[in-house]
Amino acid sequence: MLEWCHYFGTLLVGIFCAFLFVFALKNKQKLKFFMMIPLGLGIACLPWLIPNFLMQLKFQRLDGNWWANTYSLSDAPAVFLRIFFYSFWGKCWGGILFFVGLIGRILRYKRTGSWGPYFREITVLGGVLAVVFCVTFAISFKTYMFVGRYFTVVLPAGYLLLILLWKPLYDKYLLMKLACVVVLSLELLSFVSLYKVLKEPNVISSRIVSQFYRDYLKKREIMVVAMEAFPPSAMPAMYGFYVNKVYGLNVRITELFSLSEQERDKYLKKQDKAFVYMPNCSEEKLYSLSRLWNRQVEIYMRLGETCILHFNIKGSGPLDSYEYQQAHRHKSWFWGYGS
């Protein structure tokens, strides 16, 4: 199941299988059993992995045609820290936990010649995390992979590493037990505050757009201009999630960027009776789109990181319909206007 969730699930499972095989070989276990596990997992993953990989090649993601490639590898350490410890204080507490635990282990080794309990488990977990990081770094030379949410699947390994590293100190000192209570309390406070933020309707851009559409324009066809090189077959499900799955409006979603010029022009002739928008809108993307399509692009409205667009074509008028006039009266929806 982890393999089918994401590429990083496949990466993590594969690395753990390799580590288990090495330990089995070292401890003279029955290798046939340890070879059958990764073989079975690999075969089960192929129906998901092969079509996915072919799709990446088709849309030239490995050639840099992907939104994430606008980032730099210098952002990688910050991404890696942020995914494990979200806030500044989380990074501080996480660093303290790690270094105190590590220093405690080093002092124990100098004193007794032993690294203490769970050393093998810590080695495996640390090794797996290190290999995940190195593989991600190597792939990122070709296509950027340091996207925070990708590392979600490795969080249990990272947290368990900290726990095992720290456990001898926790067992021995009351102060360390109190420190754990403080850390747990801060984690709960952080979780509650983040949960409240996620419950706010004006935080997630896709939710803002969907609510705006539901409240003012729900009878219109939706047209999306997505330049992120996602497969066209996935577009209706992606951009219609809130509108169709959450609000149950059963609206047709058409992605314009992947269409041929003839098909696109046919849809744009209907734009005055449609809802046309660009997710993750930026000045650079709009300029590139205008040059590529050879037509003027007007930003009628901004909703979070999304632009509601209007294209200058023959026979098309301004967006002055009754629905948009009604929407303009509720300016609390908008995060800014532009033209």
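Trainee: In which strand is H310 placed?

Mentor: This is a predicted model: local features need pLDDT of at least 70, side-chain atom pairs count only at pLDDT 80 or more, and totals for chains, interfaces and linings use all residues. Residues are numbered from 1 along each chain as its sequence is written, and side-chain values use heavy atoms, leaving out hydrogens and water. Strands are DSSP runs of E with at least two residues, helices runs of H or I with at least four, numbered from the N terminus. H310 falls within residues 306–311, strand β5.

Trainee: Is H310 buried or exposed?

Mentor: Buried means under 20% relative accessible area, exposed over 50%, and partly exposed in between (1.4 Å probe, protein chains only). H310 has a relative accessible area of 5%, so H310 is buried.

Trainee: Which strands stand at the edges of the sheet?

Mentor: Two strands pair if DSSP finds at least two bridges between them. Five strands form an open sheet of mixed pairing, in the order β2-β1-β3-β5-β4. Each edge strand has a single partner, so one side is left without a neighbour in the sheet; these strands are β2 and β4.

Trainee: Which residue in β5 is the bridge partner of V297?

Mentor: β4 and β5 run antiparallel and are joined by six bridges. In β5, V297 has as its bridge partner F311.

Trainee: What is the phi of N294?

Mentor: Most residues other than glycine have a negative phi. N294 sits in the loop between α13 (283–293) and β4 (297–303). N294 is not a glycine, yet its phi is positive, at about 55 degrees.
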